[in-house]
Amino acid sequence: MKKFTTSTVTSTPVSRSAWFKMNVLFFLIITVLVLSFWFYLTTKTSAFPSKPVSEVAQSNGCSVDLIRMKPQNGKLIDPLYLVETEAESPKFSSLKLDLSQIILDWEKEGRVSSVSVYIRELNNSAWMSIACEEPYMPGSLMKVPIMIYYLKQEEDHPGTLNKELVYYRPVHGFPSQAFRGDSIVAGRKYKISELLRYMIVESDNNATYVLTTNLQREQYSQIFKDLEIPVYDPENTAYTISAHQYSKFLRVLYSATYLDEKLSEYALELLSKCKFREGIVKDLPEGTIIAHKFGERGINYDMDFSESAIIFHESNPYLLTIMTKGKDVKAQTSLISAVSREIFQKLGVSENGNLEGL
C-alpha cells in the first residue's frame with residue numbers, strides 16, 4: 001500500500017504537465033474548427049453567394065455539369081448556359097456502330113485520316129460521339145463566335161448592327177479557300193449587319209477581317225471563357241478545338257441562353273442561309289431547314305475540314321458536328337455527306353419525339 005502511494009505522489013507533476021499540454025492543444029484545435037466553420041457558413045449563406053461558373057450535380061445517378069453565367073452582383077437570378085450529361089444515350093448504340101464502320105472503311109481506303117462526330121438531340125439531353133474530343137483546326141468555323149460577339153454588342157448597346165465600317169484591303173493575304181461566295185469591295189462602307197451576312201452566308205474572309213479588326217479582344221475572349229472553350233486568338237494559326245467544344249456555340253443559339261431570343265433567332269436565320277451545300281446539307285431532303293457553318297484549314301498537304309449544323313428534323317431537331325483530317329477536301333466533304341445522310345435516314349420520329357431504329 002505504501003509503495004503504491006509513493007509511486008502515485010512521485011508521478012503527479014508529470015501528469016499535470018501532460019494534462020496542461022493536452023488541454024492547450026485541444027483548445028487550439030477547437031478554435032481552428034470553430035473559425036473554419038464560421039467562415040464556411042458566412043461564405044455559403046451570404047445574400048449573393050459567389051458561385052462557380054461550372055458546377056457538378058447528380059441526376060438519377062448520372063453526373064451533370066452545369067455551365068452558368070458568371071455571377072452578377074445584386075442579382076437574385078442564376079442563369080444557366082448549358083447542361084452537360086456525362087453518359088452517352090444507349091439509344092444511339094446501333095447508329096454509333098454503323099457510323100464507326102463507315103468511318104473505318106474510309107480511313108482504310110486512305111480517303112481520310114481522322115474523323116470526329118458529335119450528335120445531340122436538342123429537345124432532350126441524349127447525345128453520342130465518336131472521338132469528339134480530338135483537336136482540329138477550325139478555320140471558318142470561328143466566324144460563328146465573331147457573329148455572337150457582335151450580336152452580344154447589339155444586345156448590350158442597341159444600334160450596333162447599324163454602325164458602318166470601312167473595308168481597307170490588308171497588306172497580307174488570306175488563307176486559300178476551296179469554297180467561297182461573294183465578297184465585299186475594298187474602300188466601301190458596310191453596316192455591321194451586312195458584314196455579318198457576308199461572313200456567315202458567303203463565308204467571306206474580307207468581311208471577317210473587318211469585323212475581327214474592330215472587335216474588343218477581351219470581350220470576345222469572354223465568350224469562350226463563359227462556355228468553357230479554349231480562348232481563340234485569330235493570330236494563332238495552330239489553334240485547335242474539338243467537335244464537342246465547338247458544338248456549344250450552336251447549342252446556346254438554339255436554346256437562346258447566351259443571346260436573347262430575338263438575336264438568337266437572327267443568328268440561326270443567317271446560318272440557315274449559308275450557301276455551302278457540299279457537306280451535311282448535300283444529301284438531305286430538299287426543304288429541310290439547316291443552320292450550319294463549315295470551316296477549312298490547310299497546312300502543307302494536310303487539310304482539316306469540318307462542319308457543324310442544327311438540322312430541324314420535324315419535331316426532333318438535332319445538332320451534328322463532323323470534323324475531318326485528310327489530303328483531299330472533296331473526299332472529306334463527301335464523307336461528311338455520307339455520315340449526315342446515314343444519321344438523317346435513321347432519325348425516325350416517334351410520337352414522343354424520340355429516335356427510332358437506332
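1. Helix α3 contains 14 residues, and its first and last C-alpha atoms are 20 Å apart. This is close to the 20 Å expected at 1.5 Å a residue. The model is predicted, and the values in this note should be read accordingly.

2. How many of the 14 residues of α3 are buried? Twelve are, so the helix is largely enclosed by the rest of the structure. The buried residues are K143, V144, P145, I146, M147, I148, Y149, Y150, L151, K152, Q153 and E154.

3. Helix α3 (residues 143-156) packs with helix α7 (residues 243-255) at an angle of about 40°, the axes lying 10 Å apart. Because of this angle, α3 is oblique to α7. The crossing of the two helices, α3 and α7, is left-handed.

4. On the α3 side, the contact is made by V144, P145, M147 and I148; α7 contributes Y246, F249, L250 and L253. By class, the residues of this contact of α3 with α7 comprise eight nonpolar, no polar and no charged. V144, P145, M147 and I148 are also among the buried residues of α3.

5. A separate point concerns S306, which is located in strand β9 (residues 302-311). Is S306 buried or exposed? Its relative accessibility is 1%, and therefore S306 counts as buried, the cut-off being under 20%.

6. Once neighbours within four places in sequence are set aside, S306 is in contact with L141, K293, F294, G295, I322, M323, T324 and I336.

Notes. Residues are numbered from 1 along each chain as its sequence is written. This is a predicted model: local features need pLDDT of at least 70, side-chain atom pairs count only at pLDDT 80 or more; totals for chains, interfaces and linings use all residues. Side-chain values use heavy atoms; hydrogens and water are left out. Axes are lines fitted to C-alpha atoms, for helices over the stretch in contact, and angles run from 0 to 180 degrees between N-to-C directions. Helices (H or I, at least four residues) and strands (E, at least two) are DSSP runs, numbered from the N terminus. Angles under 35 degrees count as roughly parallel, over 145 as roughly antiparallel, 65 to 115 as roughly perpendicular and the rest as oblique. A crossing is left-handed if the near helix is turned anticlockwise from the far one by less than a right angle, and right-handed if clockwise. Contact means heavy atoms within 4.5 Å. Ala, Val, Leu, Ile, Met, Phe, Trp, Tyr, Cys and Pro count as nonpolar, Asp, Glu, Lys and Arg as charged, and the others, Gly among them, as polar. Buried means under 20% relative accessible area, exposed over 50%, partly exposed in between (1.4 Å probe, protein chains only). The expected span of a helix is 1.5 Å times one less than its number of residues.
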